[in-house]
Amino acid sequence: MRAYPKLPMNSYICALLYNGICRISVPLFFMISGALLLEKPIDYQKSNRRTISIFIKTALWTLIFLVWNYFYLGQRYALTDIFSSPVRVHFWFLYVLFGIYLTLPLWQKLVSGEDKRLIRYFSILFIAVLTINFVLGILKMRVTYEIPLIGSSCYAGYFIMGYVIRHYINEIKIKKWICVAALIICIAATDLLTFFTSYKANSHIETYSDFRSVFIGVSAITVFYLFMKAKEFKPNSFISLMSKHSFNIYMIHVFYLDIIQVNIDITKFSAWIGFPVFFIFMITLSFVSSWLLELAKGKNKSII
């Protein structure tokens with residue numbers, strides 16, 4: 001997608017379609033985290049262990065990729081940028097997660113009072129600020145003095161919204177067809193606005209697919225709401241298996257992505273074929289690598 005306009009228009013359109021559908025994955029990740037963690041009572045020791053764990057993982061993977069980048073990609077990284085720019089782009093979520101885990105007891109206290117007015121107020125404020133920041137971003141305007149707790153970052157908002165929707169799911173009365181319609185409209189808006197602005201600028205523009213985009217936010221909220229309204233899912237061994245290895249897969253897949261990008265010009269492939277082929281390649285090898293890693297650590301009892 002970011003190779004536009006060098007790649008064929010057919011591939012760019014395919015990339016936009018995939019992006020419009022899959023972009024909600026990050027907001028959903030934070031919403032699921034909030035739904036699961038904020039329901040629990042405050043436990044400072046457990047919260048501290050969780051924070052230390054994510055810090056250690058971030059430090060170890062940063063060291064691993066520093067070595068990989070230097071010897072395989074020939075890239076050097078300025079350690080002075082460690083707090084502002086992760087060693088690899090996909091590390092950013094670890095930074096955000098560390099901040100959320102560090103302040104988790106505060107968020108748990110915020111929602112523990114069962115004050116529906118406070119929760120409703122936060123929800124309205126979050127969506128309003130998300131919309132305003134999105135519009136200001138389009139207008140190239142920057143907010144210097146941010147609103148406390150909300151700010152310009154959307155991730156804590158998604159974290160709270162996950163709890164709100166799950167906790168009050170039986171009290172939220174929105175017809176499913178309205179959610180589906182809103183989801184379709186938001187995905188279409190994301191793709192079409194991205195296409196026309198990119199075509200006009202002759203360069204890929206990501207404004208409308210940013211996680212702060214109101215279209216992405218509404219899409220994620222509607223999908224999460226629809227899943228919470230759905231019937232309870234039966235245990236699934238495949239999902240359980242992939243969940244167990246999900247963190248490792250996310251961290252490891254970049255190695256194989258680098259190998260592909262160094263040795264193959266992926267823009268020469270049609271995206272309609274390239275996406276599924278490269279996805280299967282990376283997910284398979286990443287899973288096998290994760291399984292071998294867990295086996296070496298002595299934590300993997302069985303692949304079944």
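Predicted model: local features only at pLDDT ≥ 70, side-chain atom pairs only at ≥ 80, totals over all residues.

Colleague: Why does Asp43 not count as a salt-bridge partner of Arg50?

Modeller: Because a salt bridge requires a side-chain nitrogen within 4 Å of a carboxyl oxygen, and Asp43 is 7.9 Å away from Arg50.

Colleague: Where does Arg50 sit, and which residues does Arg50 touch beyond its neighbours in sequence?

Modeller: Arg50 is in helix H3, which covers residues 44-73. Leaving aside residues up to four places away in sequence, Arg50 touches Leu37, Tyr101 and Leu104.

Colleague: How many salt bridges are there in the whole structure?

Modeller: A search finds five. One of them joins the side chains of Arg2 and Glu206, at 2.5 Å from N to O. That pair links distant parts of the chain, 204 residues apart: Arg2 is in the segment before helix H1 (9-22), and Glu206 is in the loop between helix H8 (176-201) and H9.

Colleague: Is Arg2 buried or exposed, and what about Glu206?

Modeller: Arg2 counts as exposed because its relative accessibility is 63%, over the 50% cut-off. Glu206 is partly exposed, with a relative accessible area of 23%.

Colleague: Which residues are linked with Arg2 and Glu206 in a network of salt bridges?

Modeller: Arg23 is; Arg2, Arg23 and Glu206 are linked in a network of salt bridges.

Colleague: What does Arg88 pair with?

Modeller: Arg88 forms a salt bridge with Asp258, with the closest N and O atoms 2.8 Å apart. Arg88 lies in the loop between H3 and helix H4 (92-102), and Asp258 in helix H10 (residues 237-263), so the pair ties together parts 170 residues apart in sequence. Both Arg88 and Asp258 are buried.

Colleague: And which partner does Asp210 have?

Modeller: Asp210 forms a salt bridge with Arg212, the closest N and O atoms being 3.8 Å apart. Asp210 is partly exposed, at 29% relative accessible area, and Arg212 is partly exposed, at 30%.

Colleague: Turning to helix packing, how do H6 and H9 pack?

Modeller: Helix H6 (residues 116-138) and helix H9 (residues 214-229) pack at an angle of about 150 degrees, with their axes 9 Å apart. H6 is therefore roughly antiparallel to H9.

Colleague: Which residues make that contact?

Modeller: Leu130, Thr131 and Phe134 of H6, with Val214, Phe215 and Gly217 of H9. By class, the contact has four nonpolar, two polar and no charged residues.

How values were computed. Residues numbered from 1 in each chain as written. Heavy atoms only, no water. Helix = DSSP H or I, 4+ residues; strand = E, 2+ residues; numbered from the N terminus. Buried < 20%, exposed > 50% of the residue type's maximum accessible area, 1.4 Å probe, protein only. Lys, Arg positive; Asp, Glu negative; His and termini not counted. Contact = heavy atoms within 4.5 Å. Axes fitted to C-alpha atoms, helices over the stretch in contact; angles between N-to-C directions. Parallel < 35°, antiparallel > 145°, perpendicular 65-115°, else oblique. Nonpolar A, V, L, I, M, F, W, Y, C, P; charged D, E, K, R; others polar.
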